[in-house]
Amino acid sequence: MIRILHTSDWHLGQTFFGYERTEEHEHFLDWLAACIRSEQVDVLVIAGDVYDVSNPSAAAQRMFYRFISRVTRENPTLQLVVIAGNHDSAARLEAPLPLLQEMRTAIKGVVRKKEGEIDYEDMIVELCNRHGEAEVLCLAVPFLRQGDYPAVETEGNPYAAGVKALYSHILRRAIRRKQPGQAIIALGHLQAIGSEIAEKDHSERTVIGGLECVSPEAFPPSIVYTALGHIHKSQRVSGRGNIRYAGSPLPMSFAERNYRHGAVLVTIDRGELLSIDRKDYLPLVGLLSVPSGKADVPEEVLAQLHALEIQPDPAPYLEVKILLSEPEPMLKQRIEEAVADKNVRLARIVPMYHQTVRQEMQEEQTISMGLQQMSPLEIARLAFERNYSGDMPEELTHLFQEVCSAVVTADPAASR
């Protein structure tokens with residue numbers, strides 16, 4: 001039996017609206033180390049975005065290396081498998097690998113090539129139980145950039161087709177290597193079709209129009225579990241319980257205020273998936289929004305701030321949402337005075353103007369009352385403008401029309 005703990009998107013070194021988060025990350029890593037011990041974890045996998053930026057500070061790197069040293073010292077048989085995310089520098093993440101390998105740590109950041117061809121074998125990592133028996137073959141695939149995946153002729157999305165082909169090539173090699181009683185799992189740092197992200201203020205770097213979305217079909221049933229990173233909301237993908245995002249341990253924006261955080265514990269025995277269990281983590285510092293719902297006029301918001309109870313340590317991050325008819329130069333000072341004795345970290349003030357709110361209400365009314373009278377393209381354009389504050393690109397419009405035409409051709413009833 002082997003127990004694998006799936007985490008991702010640590011974003012070490014991140015600052016939150018100017019506030020540094022070292023204490024928060026240290027709190028999470030302490031929790032994670034305790035979880036590894038108490039759950040008798042055999043393998044810790046980190047599905048990308050170890051750091052928040054590609055050139056992390058010395059302090060952030062020191063935090064990561066100290067954690068690896070600590071958990072491998074406390075757990076003499078523990079393995080770690082780390083893949084690079086889109087925030088990470090693949091080469092920088094791999095740089096200390098010769099030293100980390102002595103601490104049973106495998107890092108996959110760069111997609112290696114031999115004589116111009118992708119080295120698929122390099123991305124297969126054996127995972128052992130505490131008795132040293134190789135129970136799992138892990139397809140450890142880092143975030144893929146152009147040139148990292150095979151070119152595939154397709155009328156659809158070349159990125160998605162290339163990523164699917166890469167996993168298929170690695171999987172075939174893993175199946176040939178697999179021994180009786182072994183299982184295959186996959187790691188990836190990508191946006192899967194069907195995954196949920198915050199509609200506004202999301203901190204995941206996604207491509208407009210979903211042009212880098214990968215189908216869950218890239219992970220067939222022969223892969224017993226797929227551990228994904230990149231999306232900060234912990235979730236299953238398209239209802240498939242064995243394809244999951246672990247989610248980020250800390251909220252990366254106020255849009256993630258109500259997300260659950262933690263890790264996913266996967267138990268495999270004799271090649272079969274036994275269980276998948278969430279291990280919840282409560283971040284050290286909370287997020288507070290005033291008002292808790294939609295923005296309100298200054299008088300109401302200031303009254304709520306004055307009535308706010310003094311917050312316990314550690315002070316939560318505060319966002320204030322104000323509904324304005326025109327700019328108010330003294331508003332920030334009035335808000336700062338209102339919270340001066342409340343033990344909060346004022347992170348941001350979000351001004352919203354009546355005209356913007358009216359436009360949003362009109363859009364909501366149009367959508368709720370007029371969907372039956374709108375064409376699919378009109379609905380798509382409205383959704384795009386709402387999410388991205390701009391006109392839908394011509395290329396995406398043509399692509400959407402081609403998809404609609406294909407659907408109607410396949411099922412004429414769809415046009416009625």
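This briefing walks through the main features of the protein shown above, topic by topic. The model is predicted. The protein has 416 residues, of which 48% count as buried, and its secondary structure comes to ten helices and 21 strands.

**The whole protein**

- The protein exposes about 20400 Å², and carbon and sulfur atoms supply 50% of that area.
- Take the contacts between residues at least 6 apart in sequence: 70% of them join residues at least 24 apart.

**Strand 14, with cover on both faces**

- Strand 14 covers residues 225-229, and five of its five residues are buried, so the rest of the structure largely encloses this strand.
- Strand 14 pairs with strand 11 (residues 183-189) in the parallel sense, over five bridges. Within this pairing, look for G188, whose bridge partner in strand 14 is L228.
- Strand 14 also pairs with strand 16 (residues 240-245), again in the parallel sense, over three bridges. Here A227 stands opposite R244 of strand 16.

**Strand 17 and its partners**

- Strand 17 is largely enclosed by the rest of the structure, because seven of its eight residues are buried.
- Strand 1 (residues 2-7) runs antiparallel to strand 17, and five bridges join the two. To find this pairing, look for R3, which stands opposite T267 in strand 17.
- Strand 17 also pairs with strand 18 (residues 272-280) in the antiparallel sense, over eight bridges. One place to look is L265, whose bridge partner in strand 18 is D277.
- Strands 17 and 18 form a hairpin with two residues between them.
- R270 sits in the turn of that hairpin and has a positive phi of about 55°, although R270 is not a glycine.
- Is R270 buried or exposed? With a relative accessible area of 67%, above the 50% cut-off, R270 is exposed.

- L399, V403 and V407 make a nonpolar surface patch of about 230 Å².
- V407 belongs to helix 10 (residues 394-410). This residue counts as partly exposed, because its relative accessibility is 43%.

**R145 in its loop**

- R145 is found in the loop between strand 10 (134-140) and helix 5 (158-177), and its 37% relative accessibility makes it partly exposed.
- Apart from neighbours within four places in sequence, R145 is in contact with G85, N86 and D88.
- From C-alpha to C-alpha, R145 and Y159 are 8.9 Å apart in space, with a separation of 14 residues in sequence.

- A cis peptide bond joins V290 and P291, with omega about -10°. You can find P291 in the loop between strand 19 (287-290) and helix 6 (298-307).
- Another cis peptide bond joins D313 and P314, where omega is about -10°. The loop that holds P314 lies between helix 6 and strand 20 (317-324).
- N343 has a positive phi of about 55°, although N343 is not a glycine. Its place is in the loop between helix 7 (331-338) and strand 21 (345-353).

Definitions and conventions:
Residues numbered from 1 in each chain as written. Predicted model: local features only at pLDDT ≥ 70, side-chain atom pairs only at ≥ 80, totals over all residues. Heavy atoms only, no water. Buried < 20%, exposed > 50% of the residue type's maximum accessible area, 1.4 Å probe, protein only. Helix = DSSP H or I, 4+ residues; strand = E, 2+ residues; numbered from the N terminus. Pairing = 2+ DSSP bridges. Patch = residues over 30% accessible without salt bridge, like charges linked within 9 Å, V, L, I, M, F, W, Y side chains within 5 Å. Areas by Shrake-Rupley, 256 points an atom, 1.4 Å probe, with all protein chains shown as cover. Salt bridge = Lys/Arg side-chain N within 4 Å of Asp/Glu carboxyl O. Contact = heavy atoms within 4.5 Å.
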